[in-house]
Amino acid sequence: MVLNKDTAKKTAELLLQINAIKLNPENPFSWASGWKSPIYCDNRIILSYPPIRNYVREEIAKQVEHLYGKPDVIAGVATGAIGIGMLVADYLGLPFIYVRPEAKSHGRQNQIEGSLEKNQTVVVIEDLISTGKSSLNAVKALEESGAKVKGMLAIFTYGFEVAKLNFEKHNLELHTLSDYDHLIEQATETKYIKEDQNNTLIEWKKNPSEWQQ
């Protein structure tokens, strides 16, 4: 759920500006899942642009405070959200931890890195939501460690129905700075994409797992 339309459009504009989001309907990308996609999002590139990473950091931090006050801990989901999560925690003056996809096979075999005590409240930071599976896997690890997860904030979501259902099933709030619909709106208004490309991008979102060029 996007809280602020102006923030959503501004975030989409910035992501397009630095090519964190690449739109290429004519030559689709292949995702790790095997899906073919006319869009590819890599929000980690934000960290290389100080003014933009500061904007994203402050907008997420403001939304954390607006929605949840100050939690005990900010958690980032590895690896994509470690950088931005740490920046948000620093801005809020809060402890930071991050969650691996699975426990390490060596050393202390941690899945959660950092100091987390039982019953502490946590807000989880993500960079990108597709199906939500990996994000909710991190939430599960936190809850199994005794944390109280208040919600999740992400930079961007594709807005897939499967993600919506996954978060509802887990009874977890998801809020994002921007989303696919605002991205397409911004890309169309600024003539970043043409009308026929717009149609392709809209059609892809309807059934991304089965989409063919």
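What covers the buried residues of α1? The answer includes β1 (21-23), α2 (50-68), β9 (148-157), β10 (174-179) and α6 (180-189). Helices (H or I, at least four residues) and strands (E, at least two) are DSSP runs, numbered from the N terminus. The model is predicted: local features need pLDDT of at least 70, side-chain atom pairs count only at pLDDT 80 or more, and totals for chains, interfaces and linings use all residues. Residues are numbered from 1 along each chain as its sequence is written, and side-chain values use heavy atoms, with hydrogens and water left out.

Helix α1 comprises residues 5-17. Its 13 residues should span 18 Å at 1.5 Å a residue, and because its end C-alpha atoms are 18 Å apart, the two values agree; the expected span is 1.5 Å times one less than the number of residues. The buried residues of α1 are Thr 7, Ala 8, Lys 9, Thr 11, Ala 12, Leu 14, Leu 15 and Leu 16. Here buried means under 20% relative accessible area, exposed over 50%, and partly exposed in between (1.4 Å probe, protein chains only). An α-helix has 3.6 residues a turn, so residues three or four places apart point the same way. At the N-terminal end, Asn 4 caps α1, with a side-chain oxygen 2.9 Å from the backbone nitrogen of Asp 6. Such a polar contact is a pair of N or O atoms within 3.5 Å; within protein, one must be able to donate a hydrogen and the other to accept it, and residues adjacent in sequence count only if both atoms are side-chain atoms. After α1 comes Asn 19, whose phi is positive, near 60°.

Helix α6, one of the elements covering α1, has its own set of buried residues: Tyr 180, His 182, Leu 183, Ile 184, Gln 186 and Ala 187. These pack against α1, β1, β4 (39-41), β9, β10 and α7 (195-206). Just after α6, Lys 191 takes a positive phi of about 60°.

The sheet can be followed strand by strand. Six strands form an open sheet of mixed pairing, in the order β7-β6-β5-β8-β9-β10. β7 and β10 stand at the edges, each with a single partner strand, so one side of each is left without a neighbour in the sheet. Two strands pair if DSSP finds at least two bridges between them.

Strand β6 (residues 96-99) has partners in both β5 and β7. Four bridges join it in parallel to β5 (residues 73-77), and Ala 75 has Ile 97 of β6 as its bridge partner. Two bridges join β6 to the antiparallel strand β7 (residues 112-113), where Ile 112 is the bridge partner of Val 99. Ile 97 and Val 99 form the covered face of β6, while Phe 96 and Tyr 98 form the uncovered one. Together, β5, helix α3 (residues 82-92) and β6 make a right-handed β-α-β unit; right-handed means that, with the strands pointing away from the viewer, the path from the first strand over the helix to the second runs clockwise.

UniProt, in an unreviewed entry, places a "transmembrane region" at residues 73-99. In the model, the end C-alpha atoms of residues 73-99 lie 12 Å apart, and the span is 41% helix and 33% strand. UniProt positions are given in the numbering used here, feature names are shortened, and annotations may be inferred rather than shown by experiment.

Between β7 and β8, the loop holds Gln 120, which counts as buried because its relative accessibility is 18%. A polar atom of the Gln 120 side chain lies 2.8 Å from the backbone nitrogen of Glu 117.

Eight bridges join β8 to β9, which run parallel, and Ile 125 has Leu 153 of β9 as its bridge partner. Ile 129, also in β8, counts as buried because its relative accessibility is 0%. Not counting residues up to four places away in sequence, Ile 129 touches residues including Met 152, Ala 154, Phe 156 and Ala 163, where contact means heavy atoms within 4.5 Å.

Ser 130 lies in the loop between β8 (121-129) and α4 (133-144). The unreviewed UniProt entry annotates Ser 130 as a "binding site". Ser 130 counts as partly exposed because its relative accessibility is 26%. Leaving aside neighbours within four places in sequence, Ser 130 is in contact with Trp 31, Tyr 158, Phe 160 and Ala 163.
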